Every structure is written in C-alpha cells, then in structure tokens.
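Let's walk through this one from the overall fold down to the ligand site. Have a look at the model first.

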Amino acid sequence: MRLRVGEFDCGTPVPKHRKDRKMSETIPAIDIAPLFGPPSPARDEADRQIFAAASGIGFMTARGFPGAELLTRERRGKLLKIFELPDAEKQKLLRWNFDPSKSNYYRGWFPLQPTAVSYKEGIDMGPDIAHADAEFAADDPLLERTPLPAESDVPGWKAAAAHYYRSMEKVGAALMASIARSLGLEDDIFDGHFQGGISTLRLIRYPLRTEDGAVDLSKPEYSVMHKGERRLVIGREHADSGFVTLLAQDGVEGLQAKNHAGEWIDVPPADGTLAVNFGQLLERWTGGVVQATRHRVIAPKTARYSIPFFYEPRVDAEIAPLPIKGASDFAPFLYGDYLWESATNFVEMAGVKTLRKPRRPAAA
Ligand SMILES: O=C(O)CCC(=O)C(=O)O
Ligand SMILES: [Fe+2]
C-alpha cells in the first residue's frame with residue numbers, strides 16, 4: 001500500500017495548498033540541529049517536519065547537523081581526490097565482477113560501463129574504513145574489507161573518509177530516532193539494529209558524456225526533457241533499497257526526485273546540506289508510511305560528483321514487524337539476506353548474486 005501526502009493521520013493535517021501543489025513543488029529544507037540536543041519544542045518541530053517529508057514527498061535536504069562543516073567544496077574535494085588516481089591504481093581496487101583475479105565482491109571500485117544508461121565510476125566503502133573493530137568474516141562478502149589506495153598515493157584521504165563515515169553514521173542515527181518518535185516508538189528502538197552496522201560510503205564520478213560511438217545516445221532511453229531542454233540521464237531512475245540515504249551533491253545540480261504526481265523535482269545541491277531520502281526496506285517496515293521515493297540523475301554541463309552514504313543495520317539484524325498501527329505482518333528476516341538480494345540487482349553488482357547464500361533461508 002502506498003500512502004500519499006495527506007492520507008496518513010499523524011495528527012497534523014496537511015494544509016490544502018500542499019495537496020494542490022503542482023510543478024512548483026520543492027524539496028523541504030529542514031534544520032535538524034535540534035535532533036542533537038535534549039527533548040525540546042524545537043526538536044518536536046524538527047521531528048514533525050522530518051516526518052512530514054518522509055511520509056510525503058520522501059525527500060528533504062538537511063542542514064545544521066554536526067558534520068555539516070564537511071560539506072564544502074574544499075572538504076568534499078579531499079574525499080574526491082581518489083578520482084585523480086591513475087587508472088592503474090583504480091584498477092587495483094576493482095571488485096571481482098570487474099576483475100576476476102580479485103576476491104572482494106561487495107566493496108571496491110566499479111568502473112564506467114560505456115553502454116549503460118548510468119554513466120558513473122566510483123568506490124563502495126564499508127565500516128572497516130572508519131572502525132578498527134569492524135566485524136570481518138571471510139565467508140561473508142557483506143563483511144569483507146574495503147580495498148583502499150596506498151596512503152602515499154592520496155595522503156590524508158583515508159582519515160578524511162573515516163571521519164566523514166563516522167559523521168554520517170551519527171546523522172543517520174539521529175534521523176532514525178526522529179522517525180521512531182514520530183511513529184510513537186521509543187527513540188532508541190533502532191539503535192541495536194544499527195550498532196555494528198554495515199553502512200556504505202560511496203564516492204561517484206559521472207564524467208561528461210559525449211557521443212563516443214559506444215552507444216547511440218539519441219535512443220530514447222538515454223535522455224529526458226527537462227524544462228524544455230534535452231538532458232541525458234546519467235543515473236537511472238531507482239529507489240534505494242535500505243533505510244536512509246544521506247547524499248552530498250558536489251555543488252552541481254542533477255539529482256531529481258519523483259513526486260506522487262510523477263513529476264521530477266530538482267534536489268538543490270547547496271553547501272552545508274545533505275539530500276536525505278529513504279529506502280524500500282524502511283518503507284516496508286513502516287507499513288508504507290515512510291516513502292522510498294524514486295530518483296534519478298540528469299547530466300549537468302560539467303562532470304558531476306556525488307557522495308551518497310547508505311545508513312545500514314548490522315548483517316544479522318532481525319527485521320520483524322514493528323509495533324505500529326497499519327504495519328504489515330511478515331515473517332522476520334535477516335538484514336544481510338535482504339541486502340544481498342536487492343543490492344545485487346544493481347548494474348554495478350551484476351553477476352555476483354549466487355556468491356552468498358541466505359543465512360536464514362526463507363521458510364518453505
Ligand atoms: O549521484 C546522485 O546524486 C544519486 C546517486 C544515487 O541515487 C545512488 O547512488 O543511489
Ligand atoms: Fe539512489
């Protein structure tokens with residue numbers, strides 16, 4: 001069941017003008033600073049705004065959190081330095097599905113795929129970059145180590161990535177606590193699921209795409225019209241699979257969210273802000289209250305970089321029905337089993353699905 005703006009009774013009636021909003025709709029911009037302080041009317045107000053966004057358009061931009069100082073061109077640039085590595089060094093970080101001599105399946109580099117709609121390269125990094133005690137299991141690709149460049153090739157990069165990862169974990173936890181309060185749950189209800197979590201910090205580069213003979217970019221699947229202009233799609237429309245995504249755009253537009261009317265709304269790339277959206281598992285877990293909104297990336301006039309952080313539970317966290325009204329009943333399952341099934345449907349994970357068996361097979 002998908003609930004729409006105004007249909008969910010969270011005690012706050014949705015103003016009529018919001019239901020009528022058309023192409024002028026914008027993504028709510030929310031100061032989440034009060035989430036990091038004690039209970040207060042300001043925190044209640046931030047909770048209310050976050051919940052309205054999460055259960056409405058399913059997207060927001062957040063500012064005011066500890067770590068917002070990392071979201072400047074200069075600080076993001078430190079993380080994005082990795083894209084300046086020579087190709088030979090990037091290739092050392094490739095995943096198995098792109099280089100079968102490697103033994104990392106889940107973490108590591110994904111190269112440009114010249115014929116795909118999504119036109120990007122980058123790296124997926126796990127908790128081992130940020131936590132010395134991160135769990136490691138040789139027989140579980142979800143718990144493998146992240147292949148990283150040599151310190152001397154990108155001095156200071158690892159420390160910057162570790163610090164960024166830990167900052168985003170705190171923002172993710174604060175948002176989950178806020179949503180818990182709005183659902184009438186204890187605000188630490190999700191903490192146990194996320195301690196020892198396997199969040200992914202991803203760094204993405206979308207090069208400027210030009211006709212290079214690899215594909216015919218005039219085919220309809222490669223572009224869309226936006227404000228009267230033909231724009232290439234460089235990140236294919238999708239919904240994220242998990243819980244909360246915290247995404248830093250690098251001051252360059254391109255990210256768009258799809259509203260309930262099917263219109264594409266630009267997500268502004270302001271410094272000091274994160275784009276926040278929610279994943280399909282959280283939508284399902286909340287009985288369709290939180291919205292896993294579809295989004296895509298259209299090509300700007302320059303290369304584009306982005307830094308999504310996918311806030312995720314521990315591999316063995318049990319996802320069982322929440323005690324909230326309207327939540328659907330389902331047989332409990334393990335987060336890692338769900339994640340592997342959904343993540344391996346994405347193009348940058350093609351070909352690895354059979355390499356991990358569910359730890360708790362579904363009941364026959
Ligand atoms: O690069 C972007 O702005 C969007 C990336 C994204 O949606 C994703 O990696 O899931
Ligand atoms: Fe996404």
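## Fold and size

Helices (H or I, at least four residues) and strands (E, at least two) are DSSP runs, numbered from the N terminus. On that basis the chain has 8 helices and 15 strands. Its radius of gyration (over C-alpha atoms) is 20 Å, close to the 21 Å from the globule rule (2.2 Å times the number of residues to the power 0.38) for 364 residues, so the chain is as compact as a globular protein of that length.

The C-alpha trace spans about 55 × 50 × 45 Å along its principal axes.

This is a predicted model: local features need pLDDT of at least 70, side-chain atom pairs count only at pLDDT 80 or more, and totals for chains, interfaces and linings use all residues. Residues are numbered from 1 along each chain as its sequence is written, while chains are lettered from A and ligands numbered from 1 in the order in which they are written.

## The annotated domain

UniProt, in an unreviewed entry, puts "domain: Fe2OG dioxygenase" on residues 197–313; such annotations may be inferred rather than shown by experiment. The end C-alpha atoms of residues 197–313 sit 4 Å apart, and the span is 5% helix and 44% strand.

## Around ligand 1

Which residues are around ligand 1? They are R202, I204, G235, D240, L247, Q249, L255, H295, V297, S306 and P308, counting a residue as near if its C-beta atom, placed from the backbone, lies within 6 Å. Strand 5 (200–206), strand 8 (244–249), strand 12 (295–298) and strand 13 (304–311) each bring at least two residues to this shell.
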